[in-house]
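Hello,

Here is the structure I promised to pass on. My notes follow below it.

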Amino acid sequence: MQLNDKWQGLCWPMMDFLRCVTAALIYFAISITAVAKYKDGASKAAGVFGFFATIVFAIDFYLIFNDVAKFLKQGDATEETTADKAEEEDSDSDSD
């Protein structure tokens, strides 16, 4: 659907990061409830699969966090280079 091209105002890496965090927390809470509250085998199996899904979302959370950190550092670097260029232009004009 290429929504990132249609809605350019959103920070898509941050949206994906929040999705992973939310999914991991929901799966973790439901898995604990399934294991602790219900005593049948199917609930225990659902809890185990829920914990597995939590681990998968946590790994995805970690990988996306690294991407978001790189993205934010890249944005800071471009702002710093723009500020440095502006300072250099000001200092060159003063030397005349």
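UniProt, in an unreviewed entry, places the feature "transmembrane region" at residues 20–39 and 45–65. Keep in mind that this is a predicted model. In the model, residues 20–39 are 90% helix and 0% strand, with the end C-alpha atoms 29 Å apart. Residues 45–65 are 100% helix and 0% strand. Their end C-alpha atoms lie 30 Å apart.

Now Ser31. This residue sits in helix α2 (residues 12–37). Ser31 counts as buried because its relative accessibility is 3%, under the 20% cut-off. Beyond its neighbours within four places in sequence, Ser31 contacts Gly47, Gly50 and Phe51.

Next, the aromatics. The count comes to four aromatic pairs. One of them joins Phe17 and Phe65: the ring centres are 6.0 Å apart and the planes meet at 40°, so the pair is tilted. Phe17 is in helix α2 and Phe65 in helix α3, so this pair ties together parts 48 residues apart in sequence. Phe17 is buried at 15% relative accessibility, whereas Phe65 is partly exposed at 43%.

Tyr27 and Phe57 form a stacked pair, 5.5 Å centre to centre with 25° between the planes. This pair also links helix α2 (Tyr27) with helix α3 (Phe57), 30 residues apart. Tyr27 is partly exposed at 39%; Phe57 is buried at 19%.

Finally, Phe61. This residue lies in helix α3 (residues 41–94) and is partly exposed at 31% relative accessibility. Phe61 forms one aromatic cluster with Phe17 and Phe65.

Best wishes

How values were computed. Residues numbered from 1 in each chain as written. Predicted model: local features only at pLDDT ≥ 70, side-chain atom pairs only at ≥ 80, totals over all residues. Heavy atoms only, no water. Helix = DSSP H or I, 4+ residues; strand = E, 2+ residues; numbered from the N terminus. Buried < 20%, exposed > 50% of the residue type's maximum accessible area, 1.4 Å probe, protein only. Contact = heavy atoms within 4.5 Å. UniProt positions renumbered as here; feature names shortened; annotations may be inferred. Phe/Tyr/Trp six-rings, centres within 6.5 Å; stacked < 30°, edge-to-face > 60°.
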